[in-house]
Amino acid sequence: MTDKAQYKVHKEPFYQAQGREVALYEAAYAARLPVMVKGPTGCGKSRFIEYMAWKLDKPLITVACNEDMTASDLVGRYLLEANGTRWLDGPLTTAARIGAICYLDEIVEARQDTTVVIHPLTDHRRVLPIDKKGELLEAHPDFQLAISYNPGYQSLMKDLKQSTKQRFTAFDFDYPEAELETRIVATETGLDEATAAKLVKIGQAARNLKGHGLDEGISTRLVVYAATLIKRGVSPRDACRMAMARPITDDADIRETLDHAIEATFDATPA
């Protein structure tokens, strides 16, 4: 029998609410409605789900979706052993058995023929057909399915089918407004708020370049990385280049623009 404790979030994750999303998620969980969180890279989607699992005191099983993921990777497979074969539950099956929150991160990365296996778990049936075993698994009463994806990466090849989208309740996430993001960065890293505010200013300037040379802006996650480096003694300019400018683009002109913004923001800080 799977030990639920190994999937529990034992330490409270730091999460700063932006609105009523915590209460709304609690309502969705109380009704065991599946949840979809949408928003740009690094804006706090995964942290939110982790925080809610902690707050609800429920096990959390997270799956990082990718284009090579098969239905067997989610549901399970038979393994060959010296004495024959042994069935191994996949993460989705494990979550459905023990009553965990199963979080499929960036589900749009998975093939559509893989994601359809979640459909019977997202309506009134709450069952998972395990064809290889001939088993129809009824989900544990505590089971909930949560997914995330980045609408900014939508395309004809990478998008969720309407038949999948309309099985979920949904939250729209975005980067926090400046004051809140500053508080998040300062609390997360211990950096002083004045410096954190400067990092946020650079991050927000880069987000304005989205669609004008950048596919995606500087995420709150990267701002936290820069703050972490500064706390480690790295100069603010070097930390910003390393954690905020270099990861998001290889375009020389865009890099120069970001470097200018960094120089202007930390003009009184020795490089």
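A nonpolar core is a set of buried Ala, Val, Leu, Ile, Met, Phe, Trp, Tyr and Cys residues joined through side-chain atoms within 4.5 Å. Keep that in mind as you explore these views of a predicted model.

View 1. Along the principal axes, the C-alpha atoms fill a box of roughly 70 × 40 × 35 Å. Of the 271 residues, 48% count as buried. Take the contacts between residues at least 6 apart in sequence: 72% of these join residues at least 24 apart.

**View 2. The largest nonpolar core brings together 31 residues.** Among those with the most contacts inside this core are Leu74, Leu92, Phe143 and Leu145. Strands E2, E5, E6 and E8 each supply at least two of its residues, and so do helices H3 and H4. Helix H4 (91–98) gives the most, with 4 residues. In soluble globular proteins, nonpolar side chains tend to be buried together.

**View 3. Isoleucine 107 sits among the core residues with the most contacts.** Which residues does isoleucine 107 touch, leaving aside its neighbours within four places in sequence? Its contacts are Cys65, Thr115, Ile118, Ile147, Ser148, Tyr149 and Leu160.

**View 4. A second, separate core holds 26 residues.** Look here for Ala206, Val223, Ile254 and Leu258, which are included in this core.

**View 5. Strands E6 and E7 run antiparallel and are joined by 4 bridges.** Proline 129 has leucine 136 in E7 as its bridge partner. The hairpin has 4 residues between the strands, and glycine 134 takes a positive phi near 65°.

Methods. Residues are numbered from 1 along each chain as its sequence is written. This is a predicted model: local features need pLDDT of at least 70, side-chain atom pairs count only at pLDDT 80 or more; totals for chains, interfaces and linings use all residues. Side-chain values use heavy atoms; hydrogens and water are left out. Buried means under 20% relative accessible area, exposed over 50%, partly exposed in between (1.4 Å probe, protein chains only). Contact means heavy atoms within 4.5 Å. Two strands pair if DSSP finds at least two bridges between them.
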